[in-house]
Each structure stands twice: as structure tokens, then as C-alpha cells.
Amino acid sequence: MAFAVGLINSVCAVSVDPDFVRSVDGPSSIDPRLVLALRMNSTAGLFDWMMDSFSFQGISDNVAYSFIESNGNATWRKIKSQLAAQPTCPLLPSYWTFEGCRYDKTSKSCSQPNHLASCPLPSHPLRNGRLNQTAFSLYLFIRDQTKSDLVGWIDERLEETGTADCRASQEALIGPMRHIFGVSDKVLAMSLSTVLMADRANRPRWFDIGSQMIVVDTLVHNFLKRTGILAAFEAAHVYGPKCYQHGGCSEILRRAAECIDARAFNNGFPQNFPRLIQHALWRYCAADELDICNANNTNDTQYCTNNTCDIYSICRRNSNNISKSQARQSILVRRKVLI
């Protein structure tokens, strides 16, 4: 743990965003549209923001942003109007019937070809057909499961848990939303943590829960593997569900965050701020951010030799993809580099 905390803290020193949800009225990384939607209890505004958030998965932020700027996105108002016209597709009446749609934008096909001509899904110029399905699945979930009151539903779910265990509260939200088409636990945690942290002054418990959420993507997982943190905890695993299981990436980061006082980066932050720590690791690796520890700068068939990295002297520089014979050769190279 001392090794992990020392390394992660060193990364945070150069990669923490001091304006990361700094305050309600001061500089913030939170989209003002989201804050306004929460304060107005606008389900439509929340839906529109969440669709923008979901559209950033699986592609660079710049590409996703440019596409939305050029083509727009699915909106609550438009989908509501379309479904009010009662389209003939048997999948569209409710959240529970919307399953197995398989709409594909490229081939212009779906599982209900006889209804495709009058289907509202293709009318939304999204980046791919999966996002079109996500838009309608999310809309139907909010309409049918939350009675078009997403803020009220979140309040009810958190009240029902009645516990100080933030992870139980997180599951109370993520669990029911896990079946929305096209969104993983990682995507839900990323979006919901931002929603929960957006209005700290008026919703302090929301903020406390959101600040504890950890989003493990491939960049964060590979960072923990490359640096030797996973090996130090005897927690080697492939990226996927194990990252969130007992002893996985999420738990390691949460334990490390308990040992790092986030107030050192901004006295407005809570002392224990796992979401900030994870976000700092992501920034350190992401090509659109600091662009340091990633496959662009590290050959994963060798031990890392990027001596311009801020943590080069304390990192164990493990490879993510290396054979035993390559490992033996790389050890010799690594020794020469260290000498």
C-alpha cells in the first residue's frame, strides 16, 4: 500500500485538476447545463445531458464532441413527441418491451424490418445505431421506471438504502439502470458520479456518494498494471468485470484514496475523494490530456523506458503484454537503463 500510495500521490501532484467540481459558483468541470437541470428538476434537461455523456464512450472526446456539434443528439422532447404518435413497432410501447431491437445505422436494418419505415429511431442522426437504441432505452426507463421524475427517483433510491455505505447507495442507482441498452457499469458510474456531484450546496449527500464512485477504464487498469501496483497486491487480472470485484482495481484505488488527503490539491475538496484520484490517473494517461502513460508512449512488449515520465524513478515499469523470453531480455535492458 505504501508503494501504491506514493506512486499515485506523485501522479496526482502533476495531474489533479484543481477545478474539478471546485465549488458551486466558482470554476468547475461540471457542465452548467447539468447544474441548471438539477436545480429546475428538469428530467428533459437531465436526459439530454446524459445522452451527450453516453455519446463519448468508445471514441476520443474530440471526435465525439465534433460529431455532436455537427449533428446534434437525441433529445427528450423529440422522442416524447415521436412515441406519442404511437409507432407500430411492438418493441416501443414500454421499457420492458424494448428488447432485441438490433437497429443498425450502416445497413439500415433491425429485428422488426416490417416496421422500420415508420420507426422513429433512424430519424436521430447519431454516430451509430447502438446510440439510437440507447437513447430510446434510456427514455423509456426514465418514463416508465421513474415516472418521468429522475431527480425524485434518485432521492427515493438513496433514501431507501438508509445507509452510510456509499457503495450500497451507488448500487441502488446503478443496479436498476444496468439494463438500459448499451451502457456499462463504467459508463453509468462516470455519468452518475457527475450528476451526483453537480450541485454540492443543495445536495450534499448526493455529492458524498458521487465523490466515492470510481470509473475504471482501460487507461486506469493498464496504469495500475504497468506501474506494478496490481502485482504488488497480487491482483493481476484482465480488464473487465474483475476490475470492480473484490481485490480489483476499484477496491485498490478506493483504499489508496483513503491515504491521500485531497485537500492538499484544493482545500474545497473533501479529504477522501476517490473519484478525483481516479480522474487524476486517467488524465495522466489520456491522449487528450497529459498523454504520458499509454500505448502511444510505451511499447507493451517491453519494459517502459520513458524516462521523461514523472514517476519513472519509482515505477516498476511492468509490461502489459510480454512473453517470458522477452521478459528475460527486457530485464537486461532495464538494468542497463537504470545504471
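Student: Which residues touch the most other members of the largest nonpolar core, and what makes a set of residues such a core?

Tutor: Ile 8, Phe 223 and Phe 273 do, in a core of 99 residues. A nonpolar core is a set of buried Ala, Val, Leu, Ile, Met, Phe, Trp, Tyr and Cys residues joined through side-chain atoms within 4.5 Å. Helix H6 (residues 129–145) gives the most to this core, namely eight residues. Helices here are DSSP runs of H or I with at least four residues, and strands are runs of E with at least two, numbered from the N terminus.

The model is predicted: local features need pLDDT of at least 70, side-chain atom pairs count only at pLDDT 80 or more, and totals for chains, interfaces and linings use all residues. Residues are numbered from 1 along each chain as its sequence is written, and side-chain values use heavy atoms, with hydrogens and water left out.

Student: With which residues is Ile 8 in contact, leaving aside its neighbours within four places in sequence?

Tutor: Ile 229, Leu 253, Ala 256, Ile 260, Ile 277 and Leu 281. Contact means heavy atoms within 4.5 Å.

Student: Why is Ser 191 called buried?

Tutor: Its relative accessible area is 1%. Buried means under 20%, exposed over 50%, and partly exposed in between (1.4 Å probe, protein chains only). Ser 191 is therefore buried. The residue is part of helix H9 (residues 185–197).

Student: What makes the pairing of the Ser 191 and Ser 53 side chains a polar contact?

Tutor: The distance is 2.6 Å. A polar contact is a pair of N or O atoms within 3.5 Å; within protein, one must be able to donate a hydrogen and the other to accept it, and residues adjacent in sequence count only if both atoms are side-chain atoms. Beyond four places in sequence, Ser 191 is in contact with Trp 49, Ser 53 and Phe 54.

Student: Why does Ala 44 count as partly exposed?

Tutor: Because its relative accessibility is 27%, Ala 44 falls in the partly exposed class. Ala 44 lies in helix H3 (residues 43–54). Thr 75 is 31 residues from Ala 44 in sequence, with a C-alpha to C-alpha distance of 7.6 Å.

Student: Why is Glu 234 classed as exposed?

Tutor: Glu 234 has 77% relative accessibility, so it counts as exposed. This residue sits in the loop between helix H12 (229–232) and helix H13 (249–258). Its phi is positive, about 50°, although Glu 234 is not a glycine.

Student: What is the phi of Asp 291, and where is this residue found?

Tutor: Asp 291 has a positive phi of about 55°, although it is not a glycine. Asp 291 is in the loop between helix H14 (274–285) and helix H15 (324–338). With a relative accessible area of 29%, Asp 291 is partly exposed.
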